[in-house]
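Work through the exercises below with the coordinates open. Try each task before reading its solution.

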Amino acid sequence: MTGAPPIVEMTGISISFPGVKALDAVDFRLFPGEVHTLMGENGAGKSTLIKALTGVYKIDEGQILVAGEERRFGGTADAQAAGIATVYQEVNLCSNLSIGENVMLGHEVRGPFGINWKATHRAAADVLATLGLEQLDLRRPLATLSLAIQQLVAISRAMVTKPKVLILDEPTSSLDANEVANLFTVIRRLRDQGVAILFVTHFLDQVYAISDRITVLRNGGFVGEYPTRELDRTTLISKMIGKDFATLRSLGSERQSHHYEPRGEPLLKAEDLGRKGSSEPTDLELHQGEVLGLAGLLGSGRTELARLLYGADKPDSGTVWLRGKKTDIHNPTAALAHRIAFSSENRRDEGIIRDLTVRENLVLAVQAKRGWFRPLSRKEQDALVRKYLTELNVRPADPERPIKFLSGGNQQKVLLGRWLATEPDLLILDEPTRGIDVGAKAEIQAAVAALAAKGVAVVFISSELEEVVRLSDRIIVMKDHRKLAELENGPHVTAETIVAVIADEGDDEEGDSE
Amino acid sequence: MTVTTRPPTGSAPGTAPSLAERLGARLSARLSALPTVAALLIFVGMIIYGEAAYGRIVQFNTLSNLLVNNSHLIILAVGLTFVILTGGIDLSVGAVIAFSSVAGVMLSNAGWHPVAAVLVMVLIGSVLGLISGVLIQYFGVQPFIATLATMFLARGLASMLSTVPERLADDSAIRELATQLKIIDGDKVNDLVITPGVIAAIVIVVLGFLVLHRTRFGRTVYAIGGSEQSATLMGLPVPATKLGIYVISGTLAGIAAVVYTSRLGSAQNITGIGWELDAIAAVVIGGTLLTGGTGFVLGSVVGALVLGLMNVLITRDGGIRPEMTTIITGGILLVFVILQRVLAARRRATQG
C-alpha cells in the first residue's frame with residue numbers, strides 16, 4: 001500500500017429502496033494489495049454497498065471509479081468485466097460438478113472441437129497453484145468436500161478471470177479456526193500478488209488478524225475509514241453501534257454476578273437420555289428461571305441433545321420428568337403442548353419462512369399450538385405482533401414486510417418472538433446469535449436474561465463461549481456427543497475454564513498426564 | 001484465535017489426498033453414472049432374456065426395427081434430457097408433434113414444396129418451445145404449468161386444423177425420409193436397415209452429447225441443474241440458456257414429428273398423446289435425476305431403447321396382454337427411481 005492510486009473509489013453512493021434509504025452518501029476506497037474490512041451492524045448497509053460494487057443494485061447517486069475510470073454497472077457481468085470478483089457467504093458452486101469444472105465454469109478453454117478438457121483442467125490447476133492449493137484433485141466432485149475447501153474452490157474460481165478486486169462476503173462464518181487460518185494464508189497470498197481484497201466479517205479477531213484498513217458503516221451512513229492499527233476494538237464497536245461500549249459491558253457483568261440457586265423440584269429432569277449415534281446417555285436438570293448453557297465445539301452434540309429434549313428426534317434410552325411427572329415427549333407438537341419451545345440453529349431453512357411477512361412468521365407457532373381450526377383473529381395477531389416487535393426492538397417495526405427483507409439479526413428477533421408468543425416454560429435456543437451483529441446480539445442476550453428473570457427456563461446453545469459464560473447460570477460442557485462436565489457459573493468461570501475442561505479431557509484420554 | 005502462516009495441514013489442501021480419499025472421490029464420481037450403467041445392464045439383460053425365451057431378438061431385422069420404430073422417441077428423449085438436466089420439465093412435446101405433423105401433412109398435400117413443409121414442421125416446434133421458454137424465464141411460470149399451457153395450445157391448434165386422420169399423399173417426398181436403406185443384406189428378411197429418420201436420431205444424439213459435454217452452453221445446463229442461483233452468481237448466462245433448452249426441446253419435437261410422420265404416412269390431432277411421459281420415462285430410466293444436474297444423453301437413448309424393447313418382448317410373448325404394457329413401464333420406472341433414491345442416500349451418507 002504505497003502511494004498507488006485506489007483501484008476502486010466510490011464517492012457519495014446513495015441507494016434507496018421503497019421506504020428506506022439503504023445507503024446515504026457513502027464513500028469507500030480500495031487500494032491494490034490491501035485487505036480492507038467493511039464493518040457495521042446488520043442492516044448498516046454493508047451488503048447494499050457490496051451489491052452496488054458488484055452491479056447487483058443500481059446506484060441512485062454517486063460515482064464509482066474503477067482504476068480511475070467511471071463505471072456504471074448494469075449487472076454482475078459488467079462488474080466482472082471491470083475486474084471485480086465476488087465470493088459470497090454461502091458457497092455458490094454447483095455440488096453436482098467436479099472441482100475443476102466448478103473453477104472453470106464459463107471460462108472453459110475451447111478448441112476446434114468444443115471444450116478442450118485437458119487444457120481446461122490444466123488452466124484450473126494453474127489457478128489452484130497460484131493459491132497454493134495444487135494438491136486438490138480436480139476431478140473430485142465438489143459435494144465430497146468440506147465447506148471450508150469448497151470456500152477455497154470458490155475463491156479459486158473467482159481468481160480465474162484474474163480480477164483486480166476480490167470481494168469476500170463473510171467467507172468465514174461457517175469455518176473453524178484451522179480452516180480460517182488456511183483461508184487467511186490464501187488471502188495473504190493474493191494480497192501479496194497485488195489483489196485488492198474487500199473482506200466482510202462479524203468476527204473482530206479476524207478483522208484484526210487480516211485487515212489493513214477498516215471502513216465503518218452505520219444505518220446506511222458512512223462513519224469513517226481507519227487504518228486497523230489505529231483503531232482499537234472498543235472504539236470500533238462503539239463506532240459500529242453508535243453508543244457506548246459500557247452498555248454492552250454492563251449486561252455481561254450483571255449476569256455473571258447473578259447466580260441462581262436452584263430451589264425445589266426441577267422443571268425438567270432427564271436421566272440417561274440418549275440416542276444411538278447422536279447423543280450418549282445424559283442426565284440433566286433444569287429449574288424455572290434458570291439459563292442452562294450448552295457449551296462445546298461445533299459438532300459436539302449440543303444440537304442433538306436439544307433435539308432429544310424437544311422431541312424432534314426420538315430418544316432410545318432414558319426417562320424425562322416434566323414438572324415431576326414422567327412424560328414422553330415424542331414429537332415437537334407434544335413438546336409445544338408441554339410448553340417447550342425450540343428455536344433451530346438453521347435460521348434460513350428451519351426457522352423463517354422467507355416469503356411470509358413478519359406478522360405471519362411471528363404468529364405461526366401460536367397458531368400451531370392452538371390448532372389450525374381455531375384461527376387467531378387479525379386483532380389478536382396484531383396485538384401479539386405489536387407486543388413482540390416493541391419488546392424485542394425489531395427494525396423496521398413493520399409487521400407487513402416480508403421477513404426476507406429484514407437483516408439476520410432482526411429475523412432472529414422475530415423468531416424469538418415467535419416462540420415467546422407461545423408462552424413457553426422452557427425455551428431452547430440453538431445458536432440464536434450466529435451470524436448477527438453486535439447490537440442485535442446484545443438485544444437478544446438481554447431478552448434471554450429478562451426471560452429467565454420472569455421464570456422461564458432457558459437452554460442456551462452457542463459456539464461463542466463468552467456468550468454462554470455471560471448468560472448461563474449453569475453450563476454443561478459437551479464433547480463427542482456426551483456431557484463432559486457441569487459447571488456452576490460464577491465469577492471464577494470464564495471461557496478459558498471451558499476450553500480447559502474440553503482440552504484436559506482430551507489429554508486424559510490419550511494418557512498424557514502433562 | 002491464532003492465525004499462523006504455516007502451510008495448511010490435515011485434510012486441508014496442503015497435503016496430497018490419501019489413497020482412500022482419492023478412491024472415495026472416484027467412486028462418488030462414478031456413482032452419478034451408475035443408474036445409466038444399470039439401465040444399460042438391464043437393456044442387455046432384456047436382450048439376452050428375449051433371445052433365450054423367444055429367439056430371433058439378436059438379429060439384424062429386430063434390432064433395425066427397434067431403432068426405426070423408436071427413433072422419434074429417442075429424439076424426444078434427447079430434448080427432454082436437456083430440459084430435465086436443468087431441473088425443468090417439458091410436457092408439451094407430444095402435443096407439439098400432433099400439431100406439427102397435422103400442419104406438415106396438410107401443407108404438403110396443399111402443394112407446398114416438401115422441404116418447405118418439413119421446415120415449417122420443425123419451426124412449429126421451435127416456436128412453441130420458445131413460447132414455453134419465455135413463459136418460464138421472463139414470466140416466472142413454473143415449467144410444469146408453462147409447458148402444460150403450451151401442450152393445450154398445441155393440441156388445440158392441431159384439432160383446429162383437423163380432427164380426422166390426414167393422409168400424406170403417396171407421392172409425397174416426405175415419405176422418402178422413411179426409406180429403408182439396406183446396409184447389410186441378410187438372408188430372407190433379416191436385413192440391417194436404416195432410415196433417414198434413424199440417421200437423424202443418431203446425429204441428434206451425437207450432437208446432444210457434444211453440446212452437453214463440449215460447449216459452455218452444455219456446462220451451463222449442468223450448472224443450472226446443480227444450483228440455478230449459484231449459476232447466476234457465477235455470471236453464467238442462465239436466462240439465455242434456459243430459453244435455449246426449451247427451444248431445443250421444441251425443435252427436437254418438431255424433428256421427431258417429421259421422422260414419425262414420414263414413417264406412418266399420416267397425421268392426426270390425437271397423435272402423440274402421452275409421448276411426453278414416455279420420453280420423460282426414458283430419460284429417468286437412463287439415469288437423469290428429475291431434480292437436475294446429473295445425467296447423460298446416452299442414458300436417455302438406452303432408456304428409450306429399454307421401453308421399445310419391452311414392447312417388442314411383450315408382443316413376442318403373446319401371453320402378456322398388451323394392456324399391461326403401461327403397468328410394466330410403470331414398474332420399471334419405479335425400480336429406477338427407487339434405485340436413484342438409494343444411490344442419492346448412499347452419496348449423502350459417504351459425504352457424512
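**Confidence first**

Chain B has an average pLDDT of 86, and 88% of its residues reach at least 70. Here pLDDT is the predictor's confidence in each residue, from 0 to 100. The model is predicted: local features need pLDDT of at least 70, side-chain atom pairs count only at pLDDT 80 or more, and totals for chains, interfaces and linings use all residues. Residues are numbered from 1 along each chain as its sequence is written, while chains are lettered from A and ligands numbered from 1 in the order in which they are written. The model scores are ipTM 0.79 and pTM 0.72.

**Exercise 1.** Find the stretch of chain B where pLDDT stays under 50, and state its contacts beyond four places in sequence.

*Solution.* Two residues are in contact if their C-beta atoms, placed from the backbone, lie within 7 Å. Step three: read off the count.

**Exercise 2.** Decide whether Leu128(A) is buried or exposed, and list its contacts beyond four places in sequence.

*Solution.* Step one: locate the residue. Leu128(A) sits in helix α4 (residues 117-130) of chain A. Helices (H or I, at least four residues) and strands (E, at least two) are DSSP runs, numbered from the N terminus. Step two: apply the burial rule. A residue is buried if 20 or more other C-beta atoms, placed from the backbone, lie within 10 Å of its own, exposed if 12 or fewer, and partly exposed in between. Leu128(A) is buried because it has 22 C-beta neighbours inside 10 Å. Step three: list the contacts. Leaving aside neighbours within four places in sequence, Leu128(A) touches Leu133(A), Glu134(A), Leu136(A) and Ser156(A). The C-alpha atoms of Leu128(A) and Ser156(A) are 6.0 Å apart, although 28 residues separate the two along the chain.

**Exercise 3.** Trace the strand partners of β16(A).

*Solution.* Step one: set the rule. Two strands pair if DSSP finds at least two bridges between them. Step two: take β13 (residues 268-275) of chain A. It runs antiparallel to β16 (residues 317-322) of chain A, with 5 bridges. Glu271(A) has Thr319(A) in β16(A) as its bridge partner. Step three: take β17 (residues 325-327) of chain A. It is antiparallel to β16(A) and joined by 3 bridges. Val320(A) stands opposite Thr327(A) in β17(A). Step four: check the turn. The hairpin of β16(A) and β17(A) has 2 residues between the strands, and Arg323(A) takes a positive phi near 50°.

**Exercise 4.** Classify the exposure of two non-glycine residues with positive phi, Lys162(A) and Arg339(A).

*Solution.* Step one: Lys162(A) has phi near 50°. Its place is the loop between α5 (147-159) and β9 (165-169) of chain A. Lys162(A) is exposed, because 11 other C-beta atoms lie within 10 Å. Step two: Arg339(A) has phi near 65°. It lies in the loop between α11 (332-337) and β18 (340-343) of chain A. Arg339(A) is partly exposed, because it has 17 C-beta neighbours inside 10 Å.

**Exercise 5.** Which peptide bond joining Arg395(A) to its partner is cis, and where does Pro396(A) lie?

*Solution.* Step one: check omega. The bond joining Arg395(A) and Pro396(A) is cis, with omega about -10°. Pro396(A) is in the loop between α14 (378-391) and α15 (408-420) of chain A.
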